[in-house]
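Subject: Structure handover

Hello,

Please find the structure below, followed by some notes on what was found in it.

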Amino acid sequence: MSINYKLVQKKHPTKKSEPAKWYAVPNSARPLAQKALTRAATANTTTAPIEMEAAIELLAAFIPQQLQQGHTVNVPGLGTFRLTFKSEGVEDINLFNAGLMIKSPRVVFTPAKELRDKILHGLSFENGGVLEAGVNYASMADYRKAKGLPAPGGSASGGSGSGGGTGGQSENPLG
């Protein structure tokens, strides 16, 4: 499975004095509408799309309720939802005020290992263009042509490659 990406020039958020670098960012397609999603997911099964829609709606109502009660929610085969937040500290326990000191609550989803492995197994990446100064170039060749840049020498095209970065300095710090 090949994942499309665009190259975008950004400054590192903690190293603003350094020159901007080119980073790959996912070139995500629009999500399927709920009806299209349930039809596709139930194809070749005995489950009716309307049944799956109802189940998804029930789950979407159940998860917030459980999280607000302090539970972690494990959806078998999918993953785990949990609440997390930041907190200021105090030296004297009697001075702790939850309303003022607990900040930035958020929901964290951790995919199940099996789901994560199915998604990531065999991924490769394909260049889907360049975004520079609000101009969207459809390919590296179009970008080079518009900028008057020569085609790269040798066999490296900068187009495709397989994933699994090592977390080095070239890794996208912005996500």
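The side chains of K113 and D117 form a salt bridge, with N and O 2.7 Å apart. A salt bridge here is a side-chain nitrogen of Lys or Arg within 4 Å of a carboxyl oxygen of Asp or Glu. This is a predicted model, in which local features need pLDDT of at least 70 and side-chain atom pairs count only at pLDDT 80 or more, while totals for chains, interfaces and linings use all residues. Residues are numbered from 1 along each chain as its sequence is written, and side-chain values use heavy atoms, with hydrogens and water left out.

Both K113 and D117 sit in helix 4 (residues 113–120), four residues apart, which is about one turn of the helix. Helices (H or I, at least four residues) and strands (E, at least two) are DSSP runs, numbered from the N terminus. D117 has a relative accessible area of 34% and is partly exposed. The classes are buried (under 20% relative accessible area), exposed (over 50%) and partly exposed (in between), with a 1.4 Å probe and protein chains only.

The structure holds four salt bridges in total. Side chains of opposite charge can pair when their charged atoms come close.

Another of these bridges joins E132 and K147, whose closest N and O atoms are 2.9 Å apart. E132 is buried, at 16% relative accessibility, whereas K147 is partly exposed, at 40%.

K103 and E88 also meet through their side chains in a salt bridge, at 3.3 Å from N to O. Here too, distant parts of the chain are linked: K103 is in strand 5 (residues 102–111), and E88 is in the loop between strand 4 (79–87) and helix 3 (98–101), 15 residues apart. K103 is partly exposed, with a relative accessible area of 38%, and E88 is partly exposed as well, at 40%.

T38 lies in helix 1 (residues 34–42) and is buried, with a relative accessible area of 0%. A polar atom of the T38 side chain lies 3.1 Å from the backbone oxygen of K35. Leaving out residues up to four places away in sequence, T38 touches P49, M52, E53 and I56, where contact means heavy atoms within 4.5 Å.

Regards

Notes. A polar contact is a pair of N or O atoms within 3.5 Å; within protein, one must be able to donate a hydrogen and the other to accept it, and residues adjacent in sequence count only if both atoms are side-chain atoms.
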